[in-house]
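Hi,

Here is the structure I said I would pass on.

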Amino acid sequence: MIRSKKDGGHMKSAWATEISAVFEKEIKTEQRSRAGFLTSLLSSVLIVISLAYGAFGSTLDGTLAAGLFWVALIFAAVAALPRTFLAEEEAGTADLLRLAARPHAIFWGKALFNCLQILITAVILVLLFSVMMGLTIKMPFLLIVSLVGGALGLAGTVTFGAALVAQGSNRTMLVGVVCLPLMIPLIMMGISSFRVALGVGEALGGWTSALGVWFYAFLVFSLAPNLFAMVWQGKRS
Amino acid sequence: MRWILALAMAAATVGSFLAPPAAQFSEPELARIIFFHLPCAFAATVFFIMGAVLGIKALNGGLDADTRAVAANEMAMVLALLTMATGMLFSRVQWLAWWSWDPRQTSFLFVLLIYGAYFALRAAISDDDQRAKVAGAYSAFSILPMLFLVFVFPRLPAVMQKSLHPSTTISGGEFSGIYWSIVLSVFACLLIICLWLYRLAVRAGLLELRYKNEYNQRNHGNTTPPRVVRPVSLSEEGREENP
């Protein structure tokens, strides 16, 4: 186990130390390979270019644009985020990780890293949508609130899904099949708040949906780490 | 017991044809399919919740609980497919299209996809204990989107405005007393039949599990046949001296 240490005169809790150690490990692994970030960046650019080309220069309706944005975000997430667990199993480092930190800390560390990654992807996607498809954001604060909540929910769900799929065969194919259905409520509420942020529909409906996104993310993070701990502790390869 | 169940089911079926036609539908006579559509949806939800509860039990290391969870989820899938089939027939007759992208219709399709992924995930894991844990965790987690899609999403005001589904007919008390009594009778009969089928599936699953355990014990926990290893000495150059 990673021990707690004195940091600037304050005793850092063991949990915070373990979570930050897993988070830092993910950042360093990403700095070395850049595989996750490049995958999500390239898939985002490719999706937006394909959509912009397919739209033949016409400006999209807010509802359609919100749907397309979330589809692009989900595919970028499913392409890049599961790597955090799949790479551990492929490299054979999962057992070492089991010895290094408690399951809850592993889940939180990886989920926070995934959240950061999906937030960066979301910002890039918003910029690309604005520049290439001429979208104007009418309610930027609502957009930020719903995107941060959505990123948290997506990161939690994909981290959990990837941890389950990592135990089986045919992982890369299976990860999308397992994660996508679990994200459907998040996608529905995300689209609903995003379209209001783009100026379609009533503000109250948009804020209610954004609240729903945050509530779903809260439920995901209440349930997923506990279920993950039971699966992760049971595995002996 | 079986005779009583058969008689009760027959009585409920006859009652569904004798009930007065629901005047609020465009084809009132053909709207009777809801006597079978609604109970299938209710029973599917019961089995989905049962599958999640048994999945949580399987997480604590129980292959028996996993066998029960699989049987419950299989039963739920069959009932959900029946709900979809009867719903599509209703849609064709009342809304003139097999599939209308109605929010409630689509949300139930998503529920089917969630549980389809459960079986895909199970198929990808070969180790029995690990499969039980992973499937149990997935089943327990999937209760979140399932509850949202079945109970929350269809009741959102914006969704209800756009939906073709006769939700207000049912929740607004527009159903007459005889309709509710037939729906509940069919639901009770269907639930008993499904529980009987579920028990059969569990017994078959537990037998298979016991057979597998006995086979492994007979082979001392080793399912692969023992192999003979012959010593081979090598010279300094690495060539075989005694082949």
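**Notes on the loop and the interface**

Let me start with Leu96(B), which sits in the loop of chain B that runs between helix H3 (63–94) and H4. Helices here are DSSP runs of H or I with at least four residues, strands are E runs of at least two, and both are numbered from the N terminus. This is a predicted model, so local features need pLDDT of at least 70 and side-chain atom pairs count only at pLDDT 80 or more, while totals for chains, interfaces and linings use all residues. Residues are numbered from 1 along each chain as its sequence is written, with chains lettered from A and ligands numbered from 1 in the order in which they are written.

Leu96(B) is not a glycine, yet its phi is positive, at about 65 degrees. Leu96(B) counts as exposed, because it has 10 C-beta neighbours inside 10 Å (the cut-offs, with C-beta atoms placed from the backbone: exposed at 12 or fewer other C-beta atoms within 10 Å, buried at 20 or more, partly exposed in between).

Trp101(B) is in the loop between H3 and H4 of chain B too. Its phi is also positive, near 55 degrees, and Trp101(B) is a residue other than glycine. Trp101(B) is exposed, with 10 other C-beta atoms within 10 Å.

Now the interface: 25 residues of chain B are in contact with 23 residues of chain A, contact being C-beta atoms, placed from the backbone, within 7 Å. On chain B, H4 (103–123), H5 (128–141) and H6 (143–152) each supply at least two residues of the side touching chain A. H5(B) gives the most, eight residues.

Cheers

How values were computed. Contact = placed C-beta atoms within 7 Å.
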